[in-house]
Amino acid sequence: MKARLIVYFCKNYTRLGLTKFVFSYLLYTAVLGVIAYFLPIAFPDVKLLVSRFWVMFGFLAGITFIGYVLAYIGIKSNPETGIMAIMGSIAVKMIFSMAFVLIYSVKSQEKGVVLVLNFFSLYLLFSFFEIYSLLRNLRHQNK
């Protein structure tokens, strides 16, 4: 009885469908946003965020969501090419992110370590969550 319950749970609740992803992604984004909001309050003497941090945050949150949806659709339409769909969504995300940094650095007078740390920390945090979520789906298709 216990083994059947565990197998049922693993099959039905560890797979990350689109609605579960949206809920967990919004929660993850909210937690990151709250942390980013309170960082300048916790360290008022140090410049930790660029002036348009929330634009960067929104862009990376949006492009990560779009990348996940594209990869999810690719995995669902043809499971054999799931890895290619994941790699394609990561490549599209990277290209748009590099374009964003280029445009941001040209338009803004801010250059330096703060911009680089803000961008790459957000990029890596959002990418980690996206890849983790996609691999959870891919793992269940291989069984």
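**Helix H4 in the predicted model.** Helix H4 comprises 26 residues, helices being DSSP runs of H or I with at least four residues, numbered from the N terminus. From its first C-alpha to its last, H4 reaches 37 Å, close to the 38 Å expected at 1.5 Å a residue; the expected span is 1.5 Å times one less than the number of residues. The structure is a predicted model, in which local features need pLDDT of at least 70 and side-chain atom pairs count only at pLDDT 80 or more, whereas totals for chains, interfaces and linings use all residues. Residues are numbered from 1 along each chain as its sequence is written, and side-chain values use heavy atoms, with hydrogens and water left out.

**Serine 105 within H4.** Serine 105 is located in helix H4, which covers residues 82-107. This serine is buried, at a relative accessible area of 18% (buried means under 20%, with a 1.4 Å probe and protein chains only). Other buried residues of H4 include Phe100 and Tyr104. A polar atom of the serine 105 side chain lies 3.1 Å from the backbone oxygen of leucine 102.

**Lining of the largest pocket.** A pocket is an open set of points on a 1 Å grid over the protein atoms alone, where a 1.4 Å probe fits, with protein on both sides within 12 Å along at least five of seven lines; lining residues have an atom within 4 Å of a point. The largest pocket is lined by 14 residues, and Leu39, Leu49, Phe53, Asn118 and Ser121 lie nearest its centre. Helix H5 (113-141) and helix H2 (18-42) each supply at least two lining residues, and the largest share, six residues, comes from H5.

Notes:
Buried means under 20% relative accessible area, exposed over 50%, partly exposed in between (1.4 Å probe, protein chains only). A polar contact is a pair of N or O atoms within 3.5 Å; within protein, one must be able to donate a hydrogen and the other to accept it, and residues adjacent in sequence count only if both atoms are side-chain atoms.
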